[in-house]
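Reader: Please take one part of this model and go through it closely. I want the local backbone, the packing and the side-chain contacts in one connected account.

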Amino acid sequence: MDTSASTKAKKTAAKTPTGFFVGLSTFDVIQYVEKIPGKNQKVTAVDQALAAGGPALNAAVVFAALGGKATLISAVGDGPVGTLIRQDLQRFGITLIDCATPSYSPAVSSIVVQTDSGDRQIISTDTGRGDVDATALLRSWDSCGRPDVYLIDGHLPTLARSVLDWSAPANVPVVADGGRWKPAFDELLPFVSHLVCSSDFRPPQDSSTSHLSETDRFTVLKSLQKSYGIPSLAQTRGADSVLGLDTHDEYLVEVPSVEAQCTLGAGDFFHGAVAFHLASHPSSPFSTALGFAARVSAIKCSLRGTRAWLENPQFLRLKGLHHE
């Protein structure tokens, strides 16, 4: 038998992983500068970029770019800003379930990235202006089917709770993007199977400082696990190793070393890559998903912007290896 033909047939027959991404959509105006301006100063940007943004949206973008079928459940609207966001989603083949009311306008995020370090400063209202209507989601629900993974970012919690209530995701991974604590997490985290948080993620009852030892950080993760019944947790720490915690094990996942050009969206894409790996390799350990996501995020940080890096040969090679 022709083994190459057999391999090709298996790849063709492989099920496309599907994911629901619930949360924020913004439009990002990104300026790259050599120095952050001081009070009453003006500087000339060396580069700029425009793209749709938001934690859930960016996670959906990388999920789709890796070969998955992504559905974004968010509020976008039909106004000028919403139109720009829709165009970006269409580029990646992302299905949008728009729960915006007619008056809704998404937030516009103003972002400054310093070129020598890749660090960024973000100014945004987070949520847009206007109301969100969960009944729009209910009208679309019968045609949605069930995904292989869910991701929530803590924004637009009414939508997240509706999705998790209606879909009853038994045995389907639910990933939470824990960039920073949001009040809605108190009611959402009991639904979550995989919490991936940043080093800034602190429940309000946690009075610890940001200068924690590795042991203390694992203690925080264990406290979250116990309080909310979350089986698997991880904490990203920029260029440092990722902390991982499963039901019985704690471990470190190394992060590839790169010269950071732009850290904007790195966490969002990390979460999207975790979701993709969980959806496409359901029997694989969580640590493997974290390692894959660390490689994706490292490639992103080595290049400017939130979209052009998806065409980079490094990312395309990693994408190809993941599907073999």
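Author: Start with N40, in the loop between β2 (26-33) and β3 (47-53). Elements are DSSP runs numbered from the N terminus: helices are H or I, with at least four residues, and strands are E, with at least two. The model is predicted, so local features need pLDDT of at least 70 and side-chain atom pairs pLDDT 80 or more, while totals for chains, interfaces and linings use all residues. Residues are numbered from 1 along each chain as its sequence is written, and side-chain values use heavy atoms, with hydrogens and water left out.

N40 is not a glycine, yet its phi is positive, about 60°. Most residues other than glycine have a negative phi. N40 counts as exposed, at 77% relative accessibility. Here buried means under 20% relative accessible area, exposed means over 50%, and partly exposed is in between, with a 1.4 Å probe and protein chains only.

L156 also has a positive phi without being glycine, near 50°. L156 sits in the loop between β8 (149-152) and α5 (157-167). L156 is buried, at 11% relative accessibility.

Now V112, in strand β6 (residues 107-114). V112 is partly exposed, with a relative accessible area of 24%. Setting aside neighbours within four places in sequence, V112 contacts Q31, V33, I36, D119, R120 and Q121. Contact means heavy atoms within 4.5 Å. From V112 to I152 the separation is 40 residues in sequence and 26 Å in space, C-alpha to C-alpha.

Next, the helices. Two packed helices are described by the angle between their axes and the distance between the axes. Axes are lines fitted to C-alpha atoms, for helices over the stretch in contact, and angles run from 0 to 180 degrees between N-to-C directions.

Take helix α2 (residues 55-65) and helix α8 (residues 266-280). They pack at about 50°, with axes 7 Å apart. The two helices are therefore oblique to each other. Angles under 35 degrees count as roughly parallel, over 145 as roughly antiparallel, 65 to 115 as roughly perpendicular, and the rest as oblique. The crossing of α2 and α8 is right-handed. From α2, the contact uses P55, N58, A59, V61, V62 and F63; from α8, it uses D268, F269, G272, A273, A275, F276 and A279. The contact of α2 with α8 has 10 nonpolar, 2 polar and 1 charged residues. Ala, Val, Leu, Ile, Met, Phe, Trp, Tyr, Cys and Pro count as nonpolar, Asp, Glu, Lys and Arg as charged, and the others, Gly among them, as polar. As for handedness, a crossing is left-handed if the near helix is turned anticlockwise from the far one by less than a right angle, and right-handed if clockwise.

On to α8 and α9. The angle is about 140°, and the axes are 8 Å apart. That makes α8 oblique to α9. α8 passes α9 in a right-handed crossing. A266, F269, F270, A273, V274, F276, H277 and L278 of α8 meet F286, T288, A289, L290, F292, A293, A294, V296, S297, K300 and C301 of α9. By class, the residues divide into 15 nonpolar, 3 polar and 1 charged.

Then helix α9 (residues 286-301) against helix α10 (residues 313-322). The angle is about 165°, with axes 10 Å apart. That makes α9 roughly antiparallel to α10. α9 passes α10 in a left-handed crossing. F292, R295, V296 and I299 of α9 meet Q314, F315, L318, L321 and H322 of α10. This contact has 6 nonpolar, 2 polar and 1 charged residues.

R307 lies in the loop between α9 and α10. R307 is buried, at 6% relative accessibility. Its side chain makes a polar contact of 3.1 Å with the side chain of N58. A polar contact is a pair of N or O atoms within 3.5 Å; within protein, one must be able to donate a hydrogen and the other to accept it, and residues adjacent in sequence count only if both atoms are side-chain atoms. The backbone oxygen of A52 is 2.8 Å from a polar atom of the R307 side chain. Beyond neighbours within four places in sequence, R307 is in contact with A51, A52, L57, N58, V61, D88, R91, F92 and F269.

Last, H271, in helix α8. H271 is buried, with a relative accessible area of 4%. A polar contact of 3.0 Å joins its side chain to that of D177. The backbone oxygen of V196 lies 3.3 Å from a polar atom of the H271 side chain. Not counting residues up to four places away in sequence, H271 touches L151, D177 and V196.
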